[in-house]
Amino acid sequence: MAKLRIRTYGDPVLRQKSAPVRTVDAELRRLARAMGEAMYEHRGVGLAAPQVGIHKRLIVVDVEWVKKEGDGEKSETGKRNLRVYVNPEVTWESAEDDSMSEGCLSVPGVEGEVYRPRKIRLKHLSLAGLSHEEEMDGMLARCIQHEIDHLDGVLFVDRMPFLKRARIAGALNRLKKDTLAGAAPAAKSAAAL
Ligand code: NI
């Protein structure tokens, strides 16, 4: 499979809703593998198919392979554990929220606090085509909610409180201009999900 290009803020593909996967086949497994490679290459911890311009409900996540240092830099732990979720769907969420600073491979250079439910129950298909349901919390729950948003055309900046969003409006406008001019910067360490 050709190398995948990560789309950035301003690209209309990020605003399109993705369709459920009908068949888990070899082609989908190849796509998941290629998405994992793109995610690791850009030092991300999660990636959703629409971020590479493919509108299928497929996400990949690995919240263990990088850890964040105090100054925001990340270091590799060396252990890779790529999790793949097909047609992920939140069937329950806790009333209790958590706030955490998020970034996104599609919104390089921008980070911000987002409130999300602390715990979720997730229903999904595995790459073997089997149905699973599990409860999760912490970084994994956070990351999966961020990725499912991508499947619905929603970005984390949409969920930032109004005043905080106003503060990043300039950066978003610049990024949009660069994206439309084909000159958006490649995501590196600041991005995460
Ligand atoms: Ni993202």
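Reply: Helices here are DSSP runs of H or I with at least four residues, numbered from the N terminus, and Gln145 is found in helix 2, which covers residues 138–151. Please keep in mind that this is a predicted model.

Me: Why is Gln145 called buried?

Reply: Buried means under 20% relative accessible area, and Gln145 has 8%, so the label buried applies. Leaving out residues up to four places away in sequence, Gln145 touches Arg116, Pro117 and Ile120.

Me: What makes Glu76 partly exposed?

Reply: The label covers values between the 20% limit for buried and the 50% limit for exposed; Glu76 has a relative accessibility of 48% and therefore counts as partly exposed. Glu76 lies in strand 4, residues 74–76, and, with neighbours within four places in sequence set aside, is in contact with Arg43, Trp65 and Val66.

Me: How do you know that Arg83 and Glu64 meet in a salt bridge?

Reply: The criterion is a side-chain nitrogen of Lys or Arg within 4 Å of a carboxyl oxygen of Asp or Glu, and because the N to O distance between the side chains of Arg83 and Glu64 is 2.9 Å, the pair qualifies. Arg83 lies in strand 5 (residues 83–93) and Glu64 in the loop between strand 2 (58–61) and strand 3 (66–68), so the pair ties together parts that are 19 residues apart in sequence.

Me: What makes Arg121 and Glu135 a salt bridge?

Reply: Their side chains meet at 3.3 Å, N to O, and the limit is 4 Å, so the pair meets the definition. Arg121 lies in strand 8 and Glu135 in strand 9, so this pair ties together parts that are 14 residues apart in sequence. With relative accessibilities of 29% for Arg121 and 44% for Glu135, both residues count as partly exposed.

Me: How many salt bridges does the structure hold, and which residues are linked in a network of them?

Reply: The structure holds 14 salt bridges, and the network links Glu102, Arg116, Arg142, Asp149 and Arg159.

Technical notes:
Residues numbered from 1 in each chain as written. Predicted model: local features only at pLDDT ≥ 70, side-chain atom pairs only at ≥ 80, totals over all residues. Heavy atoms only, no water. Helix = DSSP H or I, 4+ residues; strand = E, 2+ residues; numbered from the N terminus. Buried < 20%, exposed > 50% of the residue type's maximum accessible area, 1.4 Å probe, protein only. Contact = heavy atoms within 4.5 Å.
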